[in-house]
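Please read it with the sequence and the structure in view.

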Amino acid sequence: MHDSSPKPSKVLPANAYRKLEPGEVYHPVVAASDRRPEVTLWSIGVGVAMVVVFTAACAYMSLRAGNAIEASIPIAILAIFFGKMRKVSSTILENVMVQSVGQAAGVVAAGATFVLPALYINQLHPTWWQIFWACSLGGFLGVVLIIPLRKYFVRDLHGELPFPEATAINNILVTGESTGGSAGRVLLLAFGLGALFDFSVEALHLWNSNLSSAALLGGLGEGIRLEVEISAIAALFGLGYIIGIRYAAIIAAGSVLARLVLVPLVYYFISETGGQLNMGGTAYDVATMSAGQIFGAFIRPIGIGAIAVSGLIGILRMWKIVASSVTLGFKGFSRKHREAAQDERTQLDMAPTNVLGIQVLSAVAMGVLFFAVAMVTPGEGGAAAYGLQSSLVFGAVGMVVGFLLSFLFTPVAAQAIAIVGVNPVSGMTLITVVLAIGCMILVGLKGTAGMIIALIIGTAVCTALSTSGALITDFKIGYWLGSTPRNQERWKFLGVVVSALVVAAIIPLMDSAYHFLVVDPSTGELVSNTQVLPAPQANMLAAVSRGLMDDPANQPWLAYGLGGVIPLVLLMTGVPLLAFALGMYLPISINAAVLAGAVVAWIVGRTGATEEERTARADQGTLIASGLMAGAAIFGIVTAVLRLPKIGAPIQYLSVGIEFWLEDVAGQQGIAVLREQAAHWYEGFQGQLIGLVMYLVLAVLCFLLARLGARWAAEEEKKAQTRD
């Protein structure tokens, strides 16, 4: 996605990416004295529009696949594309502002979707205002906690930190100054392709996208519970296209172990010894269970343990970053940094008093939020679980824990992004939730209210860490190009608020349409909906919080422990831990689809008559993948709306292969649920064969789009060389 050894373009100064010599000064593309438009109605308006679209897309993809879209790159491309459509083209600083405001989409969506579904999984339903304020306040803290460190990371360490993600975005913005809109056209075409494909699958049901070896191969392997499935939708195909063959193969390897090795083994040995097995306080008749049911009951907890330990190992492997970051939170308030000259526009931050004031207000507001959550949490008989005094204690403890962990982890997130381009947010969020639960237990908070407050603290801290990591990327881009940091800081608040509003709508919508919990046919109990809303990080946090605060005796601790051993083994082999762990947790249908997209991207990058042509086609991957995922996600949300009983479930009038109808709930007047029944042709060989053919058509169309995009890019480059 970016070159590991970037070379400055004709626009960037020669010392943009290297360490400065003694006495040497870096001068940005746009000089401090240059007052060209930066914050305009166009840049802020387009930035907010990007926040709305990509927050929805990121949240959808994170819930559906456990991975969010990297929103910054497509937003930068679209800023250039739409900017060139204006009568007077947008300036490079306006494009920076569009990207900076829009980037709030991915970070807030990640903070919310990593944690909040855990509440639904634990049968606790947060209100929209709890979601909104947890995400907003966490985002605000992320902004104001990283501002004092901007000069240290961005200016003082110029050329010493690689900033891989910022470099990729910076190159796009710089290149956009001299090229046309081919990248934007490819992105929009891919958006349309992803939208049309997944709407045809998930709303119209023109063919069956849930492919399985049981239907296509006549039940081969079904007797020993050896079954391969693939969710043949554009969203997952695009995710694999951008992830790449190595990472996708490692994820798929986790699925192979879980679904094609462990599931048949459990079925064979337990069936041979009577067929009964107890897990987490529930007895299962393994001999009558399908491969998917065995995976959900016995193997998925192993995956949860693997994810948890992988996150912790990720933090420990960055111990140098963590250790050096502990003191960074105080560095920004040192006299040297407070008294540094701010007379140049390109070094102008928000006033330190305002930054400190927002930190204090955000922390106090978090305490008020936790107090309010404790006050409204119902206890037995519907009465409030806690009184005024207890709620005040819980709010105060939550405020201190949330602020301190955000303060300590913010520089860790920023430094990790600057060095390796990866934010270890999963591990830090797990630590946050565990510490928050421990503190709450010490002050007497347990059960439902304890889980809600601990997970909302986790949401706020997770959002703060995501935001700080993203903002340090924004700062570096602005430093290279000559933006005003104060503008990036101020308008990031708007992006956070808008993104929090969208997330507060999307998460309850997805639960209403698809449900985070569904009934397990083998036991009749509610289980996580791993086929549609797997949310792996949230399931991990749900298990941790439930085990520590509610019913520790009924948790599959042995399975968690066995899963925790797997990352320790992988650590010795050099295999990416979290990728393999996610593969063990996520259904094979998701991971196989991701691998399919990665294989097609690998093939596309190896076609073409010359090395230049092959490289050009491979370079279209980010555009095609981002467009596919965004288009599929946006229309996936449209499909979710069409499934809502509250508006009459319009999907029942559109669907072809599946019949939908509303059914009144017994004893609850005016409340209906959506039922469905697949047609015989749709569910069997015919429907899946059509789905397989259409999936191959999708792959061919992506190849043709890559070839077309490469040709457009070559033509643009020739025109640019002619102008030069």
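This is a predicted model: local features need pLDDT of at least 70, side-chain atom pairs count only at pLDDT 80 or more; totals for chains, interfaces and linings use all residues.

Helices, of type H or I and at least four residues long, and strands, of type E and at least two residues long, are DSSP runs numbered from the N terminus. By that definition, F685 belongs to helix α29, which covers residues 685–723.

**Helix α29 and the surface**

- A nonpolar surface patch of about 710 Å² is formed by F685, L689, L692, V693, L696, V697, V700, L701 and L704.
- F685, one of the patch residues, has a relative accessibility of 47% and is therefore classed as partly exposed, since that class lies between the cut-offs of 20% and 50%.
- The C-alpha atom of F685 is separated by 8.5 Å from that of G218, although the two residues are 467 residues apart along the chain.
- G218 is located in the loop that runs between α10 (213–216) and β2 (229–231).
- With a relative accessibility of 70%, G218 is classed as exposed, because exposed means over 50%.

- S468 is part of helix α20, which spans residues 447–481.
- The relative accessibility of S468 is 0%, so this serine counts as buried.
- Leaving aside residues up to four places away in sequence, S468 touches G142, I146, T410, A413 and A414.

**Aromatic pairs and a charge over a ring**

- How many aromatic pairs does a search of the whole structure find? The search gives 17.
- Among them is the pair of F81 and F82, which is edge-to-face, with 5.5 Å from centre to centre and 65° between the planes.
- In this pair, F81 is buried, at a relative accessible area of 14%, whereas F82 is partly exposed, at 29%.
- F132 and W133 also make an edge-to-face pair, with 5.1 Å from centre to centre and 70° between the planes.
- Both pairs carry the edge-to-face label because their planes are over 60 degrees apart.
- F132 is buried, with a relative accessible area of 9%, while W133 is partly exposed at 40% relative accessibility.
- Ring pairs also bring in W128, which forms a cluster with F132 and W133.
- Elsewhere, R185 places its charged end over the ring of W712, at 4.5 Å from the ring centre.

- Most residues other than glycine have a negative phi.
- H515 is not a glycine, yet its phi is positive, at about 75°.
- This histidine lies in the loop between α21 (485–513) and β5 (517–519).
- H515 has a relative accessible area of 39% and so is partly exposed.
- A535, likewise not a glycine, has a positive phi of about 40°.
- Is A535 buried or exposed? At 1% relative accessibility, A535 counts as buried, because buried means under 20%.

Notes: Residues are numbered from 1 along each chain as its sequence is written. Side-chain values use heavy atoms; hydrogens and water are left out. Patches are made of residues with over 30% relative accessible area and no salt bridge: like charges are joined within 9 Å, nonpolar side chains (Val, Leu, Ile, Met, Phe, Trp, Tyr) within 5 Å. Accessible areas come from the Shrake-Rupley method with a 1.4 Å probe; for residues, only the protein chains shown count as cover. A salt bridge is a side-chain nitrogen of Lys or Arg within 4 Å of a carboxyl oxygen of Asp or Glu. Buried means under 20% relative accessible area, exposed over 50%, partly exposed in between (1.4 Å probe, protein chains only). Contact means heavy atoms within 4.5 Å. Rings of Phe, Tyr and Trp (its six-membered ring) pair if their centres lie within 6.5 Å; planes under 30 degrees apart count as stacked, over 60 as edge-to-face and the rest as tilted. A charge sits over a ring if NZ of Lys or CZ of Arg is within 6 Å of the ring centre and within 35 degrees of the ring normal.
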